[in-house]
Amino acid sequence: LSVEDRAAIMVGLEAGLSQVRIARSIGSSPSVVCRETARHLGPGGVYQAQDADRAAQVARCRHKEAAPGPR
């Protein structure tokens, strides 16, 4: 998701829109909005677009261990 998508999610949540309506407005699926909000809810259950974007950038930079290959 882009910063703009995350900002639209934040505005939609503040306006009380459903995840389906938010997803349609950003051209994404409702499951993406659901996962995004579940991963990045801050203190008090508030979604902040800038905080979510920073956390996503950090997660993208983390190295993941490779799964063991066939033997």
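**The outward and inward sides of helix H4**

On helix H4, the face turned away from the buried side carries Val58 and Cys61, both exposed (over 50% relative accessible area, with buried meaning under 20%, partly exposed in between, for a 1.4 Å probe and protein chains only). The model is predicted, so local features need pLDDT of at least 70 and side-chain atom pairs count only at pLDDT 80 or more, while totals for chains, interfaces and linings use all residues. Residues are numbered from 1 along each chain as its sequence is written, and side-chain values use heavy atoms, without hydrogens or water.

The protein chain contains 4 helices and 0 strands, in the order α-α-α-α from the N terminus. Helices here are DSSP runs of H or I with at least four residues, strands are runs of E with at least two, and both are numbered from the N terminus.

Helix H4 covers residues 49-61, 13 residues in total. From first C-alpha to last, H4 reaches 19 Å, close to the 18 Å expected at 1.5 Å a residue, a span taken as 1.5 Å times one less than the number of residues.

The buried residues of H4 are Ala49, Ala52, Asp53 and Ala56. They lie on the same side of H4 because they cover an arc of only 100° around the axis, judged by the directions from the helix axis to the C-beta atoms. In an α-helix there are 3.6 residues a turn, so residues three or four places apart point the same way. The buried residues of H4 pack against helix H1 (3-14) and helix H3 (30-39), where contact means heavy atoms within 4.5 Å.

Of the 71 residues in the protein chain, 23% are buried.
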